[in-house]
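This report walks through one protein chain, from its overall form to single residues. Please keep the sequence and the 3D view at hand while reading.

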Amino acid sequence: MKISALAKFWEKQAKATMTQKEYSLRLPIEDAAKLAALCEMYPRRSESEILGEMISAALEELETSFPYIAGTKEVARDEMDDPLYEDVGPTPRFLDLSRKHRKVLEQQKQKAANT
């Protein structure tokens with residue numbers, strides 16, 4: 001989700017699956033004031049929900065902004081039969097590490113649910 005779509009998302013009251021782990025952070029005063037303004041504008045969203053959704057949108061946007069760096073291995077052909085090469089930039093590593101950490105977090109959640 002793009003940052004620009006968050007306001008519409010907040011209007012719909014969508015919820016995501018949450019981790020067991022909590023995160024704590026301090027904000028610059030200007031950012032804290034903007035967060036307070038958003039909380040006032042969207043009173044059905046908690047501060048934590050707004051922050052989480054903003055972080056989620058920013059991470060998604062960051063992922064799409066990583067540069068594509070063509071490797072030497074051909075992985076497919078496009079509709080014009082031109083070769084497509086594997087991405088050797090930061091995207092594949094980021095996706096692999098994200099999957100690794102998601103698996104760990106899901107295992108922790110499952111373990112907590114079973115206790």
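Does Ala-16 count as buried or exposed?

## A residue in a loop

Ala-16 counts as exposed because its relative accessibility is 56%, where exposed means over 50% relative accessible area, buried means under 20%, and partly exposed lies in between, with a 1.4 Å probe and protein chains only. Ala-16 sits in the loop between α1 and α2. From Ala-16 to Thr-64 there are 48 residues in sequence, and their C-alpha atoms are 21 Å apart in space.

## How the model is read

This is a predicted model, in which local features need pLDDT of at least 70 and side-chain atom pairs count only at pLDDT 80 or more, whereas totals for chains, interfaces and linings use all residues. Residues are numbered from 1 along each chain as its sequence is written, and side-chain values use heavy atoms, with hydrogens and water left out.

## The chain as a whole

The protein chain contains four helices and two strands, taken as DSSP runs numbered from the N terminus (H or I with at least four residues for helices, E with at least two for strands). Along the sequence, these elements follow the pattern α-α-α-β-β-α.

The C-alpha trace spans about 55 × 40 × 30 Å along its principal axes. The radius of gyration of the protein chain is 19 Å, whereas a compact globule of 115 residues would have one near 13 Å; this radius is taken over C-alpha atoms, and the globule rule is 2.2 Å times the number of residues to the power 0.38. Of the 115 residues, 12% are buried.

## The nonpolar core

The largest nonpolar core has eight residues, namely Leu-6, Trp-10, Leu-35, Leu-38, Cys-39, Tyr-42, Ile-50 and Ala-57. Such a core is a set of buried Ala, Val, Leu, Ile, Met, Phe, Trp, Tyr and Cys residues joined through side-chain atoms within 4.5 Å. At least two residues of this core come from each of α1 (6-12), α2 (29-41) and α3, and α2 gives the most, with three residues.

## Helix α3 and its two sides

Helix α3 covers residues 47-65, and its 19 residues should span 27 Å at 1.5 Å a residue, which agrees with the 27 Å between its end C-alpha atoms; the expected span is 1.5 Å times one less than the number of residues.

Within α3, Glu-49, Ile-50, Glu-53 and Ala-57 are buried. They lie on the same side of α3, because they cover an arc of only 100° around the axis, an arc of the directions from the helix axis to the C-beta atoms. The face turned away from this buried side carries the exposed residues Ser-48 and Ser-65.
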